[in-house]
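Dear colleague,

I am passing this structure on to you, and below it you will find my notes on what turned up in it. Please read them with the model open beside you.

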Amino acid sequence: MRVFRILIFFACASLMLSAQPQKLTRAGMDSMMQELSNWGRWGKDDQIGAVPLITPAVRKVAAALVKDGVAISLSRRLDTEKAIDNDSPFALTPMRDGDFAMDEYKIAYHGFAHTHMDSLGHMSVGGKGYNGFPPAAAGKNLDRLAIENYKDGIFTRGVLIDLPRLKGVKYLEPGTAIYPADLDAWEKMSGIRIGAGDAVLIRTGRWARRAEKGPWAASQTMAGLHASSARWLKQRDVAVFASEGPGDVLPSGVDGVPWPLHQLLLIAMGVPMLDNCDFEELTRTATARNRWTFLFTVAPLRAGSATGAPVNPLAIF
C-alpha cells in the first residue's frame, strides 16, 4: 500500500510539472519566429498580414451577430493629464477663424495611455520586418507595412476573453502572465472556440485596477500574454489582437527579449495589434447578455507611411 501511495504521489507530481509553462529562451523565440511565420503565405508583396483571413464569409457571419444594434466604444478617452503611465499626454489647441471654431491635435500615441493600432511596420528585428521587408532608416518614413494598408477597415467577429472573470477576481495584478492553458480554460468555460479571422480581445482588468488604486509604472509591470501564447493564436488563425495594455506581459519572462509577443505577432505572423483598449463597458454589456462574441470593427486613419494610428474600435451586439 505504501508503494502504491508513493507511485500516486510521483504520478501527480509529474502531471503538475508537465502542466507548468515551459521557460522560453531567446533560442526558443528564434525557433518560434520561424515556426509561426506567415511570410509568403499571401504572397511575397503582402503588407497586411493575417487580415485576409477575414473573408467575405467571415464578415457575413460577423454581421449576423448584430441582434440588438447596441454599439460599445473600446477606446479610452484621449488623456490630457501627464501621469506615470502617460508621459505623452494628448494636446488640443483651440483656434478661431471667424465664425468657425477649430482646433489642432498633437498626440504621440505609441505608449501605454492612448488606444491605438500598430501597423506591421511598427517593429522589426535583425533588419527585417513582416514578410522580410526592411525597416525604414532612422528618421525616415515607412515605405512598406504602413497603417494605410488597412484603409478599408477591419470588420469581423470579435471574441472577448475575460481573464479576471475566469479567475474569479476583479482584475489581474501587474506582471501576471497569461498562458495557453488560461486561454483553453476560457474557451471551455465560455463554450466558444476561437476561429480563423477572429479578432481576439484580451481583458486583464487594467483600467478597473487603475480606477481603484491609481496609475502605476505600466512600462515596467503589466499583466499580459506570455510569448508562448502566440502559438495558440496561430493555431486558431487569429486575424487581429487587441488588449488593454501592450499585449505583452511585463516583464516579458524571456531573458534578453523585451517584447516577444510583439515580435511574434507583428513580425512573424503579421497580426495587427490594438493597444490600450478599454473593455470595461464591453465586459458589462457582454455579462448582461451572456454573450462573448459580437461584430468588431475598426478603421484607422489613412495615414501614408505611419507606423500606426489612434483608433476608436467598436463592438456591436
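Contact, as I use the word here, means heavy atoms within 4.5 Å. This is a predicted model, in which local features need pLDDT of at least 70 and side-chain atom pairs count only at pLDDT 80 or more, while totals for chains, interfaces and linings use all residues. Residues are numbered from 1 along each chain as its sequence is written, and side-chain values use heavy atoms, with hydrogens and water left out.

I begin with the interior. A nonpolar core is a set of buried Ala, Val, Leu, Ile, Met, Phe, Trp, Tyr and Cys residues joined through side-chain atoms within 4.5 Å, where buried means under 20% relative accessible area, exposed over 50%, and partly exposed in between (1.4 Å probe, protein chains only). The largest such core has 71 residues, and those that touch the most other members are Ile161, Leu201, Ile202, Phe241, Leu274, Leu282 and Phe296. Helix α8 (residues 260-269) contributes the largest share of this core, seven residues; helices (H or I, at least four residues) and strands (E, at least two) are DSSP runs, numbered from the N terminus. There is also a second, separate core of five residues, among them Phe112, Trp216, Met222 and Leu250. If neighbours within four places in sequence are left aside, the contacts of Ile202 include Ile161, Leu163, Ile178, Phe241 and Phe279.

On a 1 Å grid over the protein atoms alone, a cavity is a set of points where a 1.4 Å probe fits but cannot get out, whereas a pocket is an open set with protein on both sides within 12 Å along at least five of seven lines, and lining residues have an atom within 4 Å of a point. Grid points are joined across faces, edges and corners, and a volume is the space filled by probe spheres set on the points. The whole structure holds two cavities of 30 Å³ or more.

As for the pockets, the largest has a volume of about 290 Å³, and of its 16 lining residues Asp30, Met33, Gln34, Val125 and Gln263 lie nearest its centre. Helix α2 (26-35) and α8 each supply at least two residues of that lining, with α2 giving the most, five residues. The second largest pocket holds about 150 Å³, and among its 14 lining residues the closest to the centre are Asp85, Asn86, Asp87, Gly111 and Phe112.

Strands β2 (residues 91-97) and β3 (residues 100-106) run antiparallel and are joined by seven bridges, where two strands pair if DSSP finds at least two bridges between them. Met95 stands opposite Met102 in β3, and in the hairpin of these strands, which has two residues between them, Gly98 takes a positive phi near 60 degrees. Finally, Gln220 lies in the loop between α6 (206-213) and β8 (224-225). Why does Gln220 count as exposed? Gln220 does so because its relative accessible area is 57%. Beyond residues up to four places away in sequence, Gln220 touches Leu250 and Pro251.

With best wishes
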